[in-house]
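Welcome! Here is a short briefing to read alongside the sequence and the 3D view.

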Amino acid sequence: MIDIHHHLLWGMDDGASSVETSVAMARLAADDGITHIVCSPHANGTYLYEPQAISEKIGELQRLLDKEAIAVKLGHGCDFHMSYENIEEAKLNPAKFSINGLGYLLVEIPDYGISRGMTEIFYQLQLAGLTPILTHPERNPTLQADQPRLVDWLRGGVLIQVTAGSVVGRMGKHAERMAHDLLANRWVHFLATDAHNTTSRPPKMNEAFELVAKKYGPDYAHLLCVSNPLAAFLGKPLPPQLEPLNLYDDMEKKSLWRRLTGR
Ligand SMILES: [Fe+2]
């Protein structure tokens, strides 16, 4: 499995607190069946995102993992928060925040006060060559209360990443319920751990993989945990997806009579 959202690097944000924790998290991930990890530190008002320092740390950690025979390949990404500065910078320099500099961008939106202009912002990021991946909408209280807000974004080509812990009930009842609503509609493109440590936010996704395979089919589980995230890691187009449900119902072709009469 490929984990595209993971706070593995020590001393960069609220993720791993020491190099020992980073190594322990990578070991847990490998034991869970994860072969690739995108190191995705926050870029927000609290944590400055410094690509050069991150690259150097990834190189250092990769050498340590190789030495310890922990078979995980590291990549470089960012937990991109929708601030004015970040958006403007991403439009000027699309490679800076995207996964391995190849175009897929993890995007976190605010819990409250989501602007009606968000659809336009996603579109502008796409015009700059980026493919936005909305991170864990199932944990967002505004979206939990108003799931149809996702419809325009999905129709516009925004992809969705759900946290593996939400699928198995580790992020609360509301997140679990919405994760399964999204999965049942085939509105999800990626599962990822969003791991921060070895205990409360561990780097595990196999249990979620198994549950998705059992409830929604092994093909869908494979897309979410293997083929789609691998495509994002490599900057390739996604493979063919399963058809989403309840996304285009109101766009069904209406007869001339119904269009004229509005019935
Ligand atoms: Fe995150």
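**The cores**

The largest nonpolar core has 68 residues, and Met82, Ile109, Leu150, Trp153 and Leu191 have the most contacts inside it. A nonpolar core here is a set of buried Ala, Val, Leu, Ile, Met, Phe, Trp, Tyr and Cys residues joined through side-chain atoms within 4.5 Å. Buried means under 20% relative accessible area, exposed over 50%, and partly exposed in between (1.4 Å probe, protein chains only).

Please keep in mind that this is a predicted model: local features need pLDDT of at least 70, side-chain atom pairs count only at pLDDT 80 or more, and totals for chains, interfaces and linings use all residues. Residues are numbered from 1 along each chain as its sequence is written, and side-chain values use heavy atoms, with hydrogens and water left out.

- Ile109 is in contact (heavy atoms within 4.5 Å) with Met82, Ile114, Met118, Phe122, Leu134, Asn140, Leu143 and Trp153, leaving aside its neighbours within four places in sequence.
- A second, separate core has 12 residues, among them Val38, Leu106, Ile133 and Phe233.

**The iron site**

- His5 (NE2), His7 (NE2), Asp79 (OD) and Asp194 (OD) coordinate the iron ion at 2.1 to 2.4 Å.
- Donors are N, O and S atoms within 2.8 Å of the metal (3.2 Å for Na, K and Ca); water is not among the atoms, so sites may look incomplete.
- Along the chain, the donors of the iron ion follow the spacing H-x1-H-x71-D-x114-D.
- The arrangement is irregular because the four donor atoms subtend angles of 82 to 169 degrees.
- Both His5 and His7 are buried.
- Asp194 counts as buried too, at 2% relative accessibility, and lies in the loop between β9 (190-192) and α9 (206-216).
- Although Asp194 is not a glycine, its phi is positive, at about 50 degrees.

**Helix α9**

- Helices (H or I, at least four residues) and strands (E, at least two) are DSSP runs, numbered from the N terminus.
- Ala208, Phe209, Val212, Ala213 and Tyr216 are buried in α9.
- Seen down the axis of α9, these buried residues fall within an arc of 135 degrees, so they line one face of the helix; the arc is that of the directions from the helix axis to the C-beta atoms.
- The cover over the buried residues of α9 includes α7 (164-167), α8 (173-184), β9 and α10.
- Lys214 and Lys215 are exposed on the other side of α9.
- Gly217 follows α9 and has a positive phi, near 105 degrees.

Conventions
Four donors count as tetrahedral if all angles lie between 85 and 135 degrees; four count as square planar and six as octahedral if opposite donors are over 155 degrees apart and all others between 65 and 115; anything else is irregular.
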